[in-house]
Amino acid sequence: LASYGRAVALNPTLHACFANLAALHSYLGNFGVARRHIDKALGISPGNEAYLRISEQLGSEAHDAGTDEQGLAGDGSCARGSTDEQGL
């Protein structure tokens with residue numbers, strides 16, 4: 001998490017890193033944080049079908065978890081990076 005956070009702090013156009021952060025937070029059950037990250041990825045790459053699917057999936061994951069917040073998963077294209085999660 002910290003590495004992806006540092007990566008997007010250094011380069012906020014790394015949409016794949018935002019998507020990966022979303023995936024990690026979704027896995028951890030942090031659906032609100034995951035939603036913010038996938039929304040950021042979609043803001044940078046709005047036509048990305050993988051991110052749109054992730055966003056939809058997060059909606060159902062959040063619903064299954066009994067919350068109105070949503071989570072997501074990443075596409076894995078940001079192999080290395082680093083950043084702090086709390087600044088987002």
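Predicted model: local features only at pLDDT ≥ 70, side-chain atom pairs only at ≥ 80, totals over all residues.
Residue numbers start from 1 along each chain as its sequence is written, and side-chain values use heavy atoms, without hydrogens or water. Local features need pLDDT of at least 70 and side-chain atom pairs count only at pLDDT 80 or more, whereas totals for chains, interfaces and linings use all residues.

The chain holds four helices and zero strands (DSSP runs numbered from the N terminus: helices are H or I, at least four residues; strands are E, at least two). The order from the N terminus is α-α-α-α. Of the 88 residues, 40% are buried (under 20% relative accessible area, 1.4 Å probe, protein chains only). The accessible surface is about 4,800 Å² (Shrake-Rupley method, 1.4 Å probe). Carbon and sulfur atoms account for 51% of that surface. Contacts are heavy atoms within 4.5 Å. Of those between residues at least 6 apart in sequence, 60% join residues at least 24 apart.

Helix α2 covers residues 15-27. Buried residues of α2 include Phe 18, Asn 20, Leu 21 and His 25. Gly 29 follows α2, with a positive phi near 85 degrees.

The largest nonpolar core has 16 residues (buried Ala, Val, Leu, Ile, Met, Phe, Trp, Tyr and Cys joined through side-chain atoms within 4.5 Å). Ile 38, Ala 41 and Tyr 51 have the most contacts inside this core. Helices α1 (2-10), α2, α3 (31-44) and α4 (49-64) each supply at least two of its residues. Helix α2 gives the most, with six.

How values were computed. Buried < 20%, exposed > 50% of the residue type's maximum accessible area, 1.4 Å probe, protein only. Expected span 1.5 Å × (residues − 1).
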